[in-house]
Amino acid sequence: MTKRCLYDLYIAAAAAVREHDATCTTCSPTARCATGRRLYGELVRLQDDYLAQQKTKRT
């Protein structure tokens with residue numbers, strides 16, 4: 001099994017949020033259902049981690 005890099009995880013999380021947003025009838029730009037909050041929280045965490053990783057590579 002191949003280990004997924006942080007970028008791949010980040011992109012997959014973004015895709016999961018987009019897919020959820022396209023099908024969820026309770027999520028809106030200002031409020032999210034429990035699943036939407038979990039997916040969006042994971043995306044935010046991975047995005048922060050990925051950007052921090054990129055920042056350390058540039059220095």
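## Burial and the model

A residue is called buried when its relative accessible area is under 20%, exposed when that area is over 50%, and partly exposed in between. By this criterion Tyr-10 and Tyr-50 are both buried. The structure described here is a predicted model.

## Overall architecture

The chain contains 2 helices and 0 strands. Its radius of gyration is 13 Å, well over the 10 Å that the globule rule gives for 59 residues, so the chain is more spread out than a compact globule. The C-alpha trace spans about 40 × 30 × 15 Å along its principal axes.

Of the 59 residues in the chain, 24% are buried. The chain exposes about 4700 Å², and 56% of this area is supplied by carbon and sulfur atoms. When contacts between residues at least 6 apart in sequence are considered, 45% of them join residues at least 24 apart.

## Helix 2 and its packing

Helix 2 covers residues 34-58. With 25 residues, helix 2 reaches 36 Å from its first C-alpha to its last, which is close to the 36 Å expected at 1.5 Å a residue.

The buried residues of helix 2 are Gly-36, Leu-39, Leu-43, Leu-46, Tyr-50 and Gln-54. These buried residues pack against helix 1. An α-helix has 3.6 residues a turn, so residues three or four places apart point the same way.

## The aromatic cluster

A pair of aromatic rings is described by the distance of the centres and the angle of the planes. A search of the whole structure finds 2 aromatic pairs. In one of them, the ring centres of Tyr-7 and Tyr-50 are 5.4 Å apart and the planes stand at 50°, so this pair is tilted. The pair links distant parts of the chain, with Tyr-7 in helix 1 (residues 6-23) and Tyr-50 in helix 2, 43 residues apart. Tyr-7 has a relative accessibility of 40% and therefore counts as partly exposed, whereas Tyr-50 is buried, with a relative accessible area of 16%.

Tyr-10 and Tyr-50 also form an aromatic pair, with 5.4 Å from centre to centre and 25° between the planes. Because planes under 30 degrees apart count as stacked, the pair of Tyr-10 and Tyr-50 is stacked. This pair, too, links distant parts of the chain: Tyr-10 belongs to helix 1 and Tyr-50 to helix 2, 40 residues apart. Tyr-7, Tyr-10 and Tyr-50 together form one aromatic cluster.

## A charge over a ring

Another ring interaction involves Arg-32 and Tyr-40. Arg-32 lies over the face of Tyr-40, at 4.4 Å from the ring centre.

## Further positions in helix 1

His-20 is placed in helix 1. Its relative accessibility is 14%, so His-20 counts as buried. Leaving aside residues up to four places away in sequence, His-20 touches Cys-27, Cys-33, Thr-35, Gly-36 and Leu-39.

With a relative accessible area of 16%, Ala-14 is buried. Ala-14 and Arg-37 are 23 residues apart in sequence, and their C-alpha atoms are 13 Å apart in space.

Note on methods
Residues are numbered from 1 along each chain as its sequence is written. This is a predicted model: local features need pLDDT of at least 70, side-chain atom pairs count only at pLDDT 80 or more; totals for chains, interfaces and linings use all residues. Side-chain values use heavy atoms; hydrogens and water are left out. Rings of Phe, Tyr and Trp (its six-membered ring) pair if their centres lie within 6.5 Å; planes under 30 degrees apart count as stacked, over 60 as edge-to-face and the rest as tilted. Helices (H or I, at least four residues) and strands (E, at least two) are DSSP runs, numbered from the N terminus. Buried means under 20% relative accessible area, exposed over 50%, partly exposed in between (1.4 Å probe, protein chains only). A charge sits over a ring if NZ of Lys or CZ of Arg is within 6 Å of the ring centre and within 35 degrees of the ring normal. The expected span of a helix is 1.5 Å times one less than its number of residues. Contact means heavy atoms within 4.5 Å. The radius of gyration is taken over C-alpha atoms; the globule rule is 2.2 Å times the number of residues to the power 0.38. Accessible areas come from the Shrake-Rupley method with a 1.4 Å probe; for residues, only the protein chains shown count as cover.
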